[in-house]
Amino acid sequence: MKLATTERFEIPGGALAFVEASHAIPLVSVGVSLRSGSVCDPIGKEGLARLTARLMRRGCAGLTANEIDNRVDILGAELSGDTGLSSISMGGQVISRNIEPFAELLARIVSTPTFDEREFERLKRQTLAEIVEARDSDRSLAHKALRRNLFGGHLYGRGAGGTSKSLAAITLDDVRGFYAAHFTQPNVVIGFAGDVLSAEKIAVKLVEKLPKHAAPKVELTHPAQLSGRHLTFVDKPDRTQTQILIGTLASWPHDSDHVALTVANTVFGGTFTSRMMREVRSKRGWSYGASSSVAIERRRHSLSMGTAPGAADAAACLNLEIGLLESLVSGGISARELGFVKKYLTRSHAFEIDTAVKRVHQALDVELLNLPADYYSSHLGNVKNVTLEQANDALKNRIDPENLRIVVVGTADSMLDGIKAGVERLSSVTVEPYDLE
Amino acid sequence: MSANFRTRLVERLNAKAPDSQHHISYEGPRPFGGDTIHSYRLGNGLTVMLLKDDSAPVATYFTWFNVGSRHETAGKTGLAHLFEHLMFNETESLKAGEFDRLLEESGAESNAATWVDWTFYHESIPADRIGLAVRLEANRMANLVLREPQLVSEKEVVTNERRQRVDDDIEGAANELLYKTAFTCHPYHWPTIGWMSDIEGFTTDDCERFYKTYYAPNNATVVVVGDFNEGSLLTKIQSAYGSIPSSVIPEEDTHPEPPQTEERTLVVHKPTETEKLLVGFHGPALGDADHAPLSLLNEVLFGGRASRVYNELITEKELASDLRGWVSTFRDPGLYDIFAAARTGRNGAEILDVLDGHFSRVKSELVSEVELARAKARLELSLLQSLDTMSGKAEQIGFYWTVLGDPAFAFQRLEAYRRVTRGDLRRVARRYLNSSSRTVLRVLPDEAGDAVVEGAA
């Protein structure tokens, strides 16, 4: 068999579209994405981008929120939105016989939102309720705390969902203003995947009513590396288990050693037989999961490690993890490990592109995250070419185990002293209530 | 490839079979949407289902065992799930860790799952490496080595998994309590992950006994979907599995759950900021003709933002921030369970009032044609989405074969949805949505800890 190649076309007015056709299943995925994300939120109005996107589906020309929801369901479709640091995406999946009316509905939502006052207030109340509800998830609390502490005052330190305080500050005029500035044709990237035939015609209809001016740019610098080992303990009652995240600043795809770093990270915590999994789970049984990852963003982002040990093992587990990171950076990975992980990454590459949706997402990522144009198409070759020296140099140059942001979600009364003792050369400790955000 | 091809294929394979265990028979084709499943059976009882899909140069290899937490006994709960973990350890020919290492070296990924009625293992693997999955799965079906140190470590992992999914998770803990209360003697009473004290108490003898009892070819089905050569794959399967003897699978000793005649209510306190409400009605088994109409009724009430209850509880009255309804997909009658998270300052009693109003209404009035059409479209989309990947197809095939004995039942369900009428929805509402057969659990915010206040089972 032969995999299709992603079709790319430009739409008059400045939007861009990608199509990955596959007629195996009568389903089409279609998404309208913007090159604007939560980094565009004004200071003090965090959550604006996401609130704007969510409000758009709550009323458009001729349709109320309930009528939109009913129409989506009756078409055999799913409509959702996602706002990240660098992009806003709206779209979904539809049974292919209904792609035209679904696209017509999506075009109406994108082009003619009504931004009704009552719906706006209702959505704000719902978003506040969701913030409270999310506090039930310890893993979510840990990720929020790491984001705040790892990036400090940088735009990456803010959550796309906003806080109760920032949401209260957002007005309907803010929403209208954000929409008018960012929902413009040159700012749009469209993706189709699946059983679609006349994608170009549909793409034109999706954006033709949007204005053609350029969207405002945000001055986005690389985050600064914060020095020292800082522990943030998120205090929540009655925990029998902890959630531990350790993060440090890493790289971005335009760094010449980025691929080498991701390869080295795969050895460290990227597979089921990785060092972290072997030492934390297989040998000691301390945590159900143990992994590390290198985030990809428009600027340098993080390498983070995650485990969830029981209260009794938390301090020892944290100590072990930091020790593993120190050994990784000082001793590097071995030639055998590099050879193994290259085989894994090159042979498993087939699963990065085995569905039309995955293939079109790669094309979208290149645009939305401003990746090197050949980031995915050259990735396999780049992985194969990583040398042991490059992998270990990348670790030494990018990762400093003395500069860590450590987050533990647990119960301070019974766990904090032990956790502090588990970290050598700890420069500071902050205890935060779990309902801080 | 034709039926003749398959007849000749099995003749060729059988000509080389050293004994009757290796003998292979073609069980015939089964339409699966626009595709076809071809089923085979080895002399030792292993069922093999193959579905060719060459949309990408990969394959997915599932092994389903007809064993889950329903086959456990009180005091030994969680054994099926713990055992699933142990299956990734040492075998007679592979030392600990080699199983995963060999797969990863081939670019494959593996995982497993256990639930009340079944256990499955799967590998997603580049198509040209499919032989490795065959060898590894056959090897651990017959040659697993169970040693004390690995058991101790894996018990520790599972207790941590339990803390993560249940003990420190509000919804997980509440859900466990709902089923514990709603079922009094059927094994659905206990959670698949098991009670903590049971997990901690398992010995290698327990595990050895479980392995010898349930991990046999005549209790397993291999499902492969992908870009494979059928003849070559069957040859590998015959060679790898043919020498594994079948075993005598014990007859199930399950007691049906007696009818519930009075509402059961519980109130518990948990460290959460908002109240949660769980309601569980005794519902139909997956194979029951009522399952499809009750699933559609669930869509009318709880399916998506346009559903009746979402609209009232979340949008209009703003009583709840989260809401779900689910008709359990179990072999025996399970629960129709509903979860709602109240907003700050609102409570479960208010939410229950709203729910009861909707339950009364669907028992007395027909839903609208538009609502029924909406529900059917949602479930059709859901089915198509489940078939969007090779592993999705393999999971559907193996799940319905293991639970109901029909690998293409997903499409029968789709046909069943299409036949359902508004009257069917009213009928199942009257049959199942009765307060005397339900359990109601309220989780109240309380930083004081986890004390059952009233009516605990």
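A definition is needed at the outset: two residues are in contact if their C-beta atoms, placed from the backbone, lie within 7 Å. Please bear in mind also that this is a predicted model.

With that in hand, consider helix α11 of chain B, residues 308-316. Its buried residues pack against α10 (291-302), β10 (320-327), β11 (335-342) and α12 (348-364) of chain B. Which residues of α11(B) are buried? They are B:V309, B:Y310, B:L313 and B:I314. Because these four cover an arc of only 95° around the axis, they lie on the same side of α11(B). After the helix comes B:E318, which has a positive phi, near 55°.

I turn now to the sheet. In chain B, seven strands form an open sheet with mixed pairing, in the order β1-β2-β3-β7-β4-β6-β5. The edges are taken by β1 (24-32) and β5 of chain B; each has a single partner strand, so one side of each has no neighbour in the sheet. On average, neighbouring strands of this sheet are turned by 15° against each other, direction ignored. Within the sheet, β4 (residues 58-65) and β6 (residues 119-126) of chain B run antiparallel and are joined by eight bridges. There, B:T60 has B:S124 of β6(B) as its bridge partner.

Finally, B:E109 belongs to strand β5 of chain B, residues 109-114. Leaving aside neighbours within four places in sequence, B:E109 is in contact with B:S124 and with A:S348. Why is B:E109 counted as partly exposed? Because it has 19 C-beta neighbours inside 10 Å, whereas a buried residue has 20 or more.

Methods
Residues numbered from 1 in each chain as written. Chains lettered and ligands numbered in written order. Predicted model: local features only at pLDDT ≥ 70, side-chain atom pairs only at ≥ 80, totals over all residues. Helix = DSSP H or I, 4+ residues; strand = E, 2+ residues; numbered from the N terminus. Buried ≥ 20, exposed ≤ 12 C-beta atoms within 10 Å, placed from the backbone. Pairing = 2+ DSSP bridges. Axes fitted to C-alpha atoms, helices over the stretch in contact; angles between N-to-C directions. Arc of directions from axis to C-beta.
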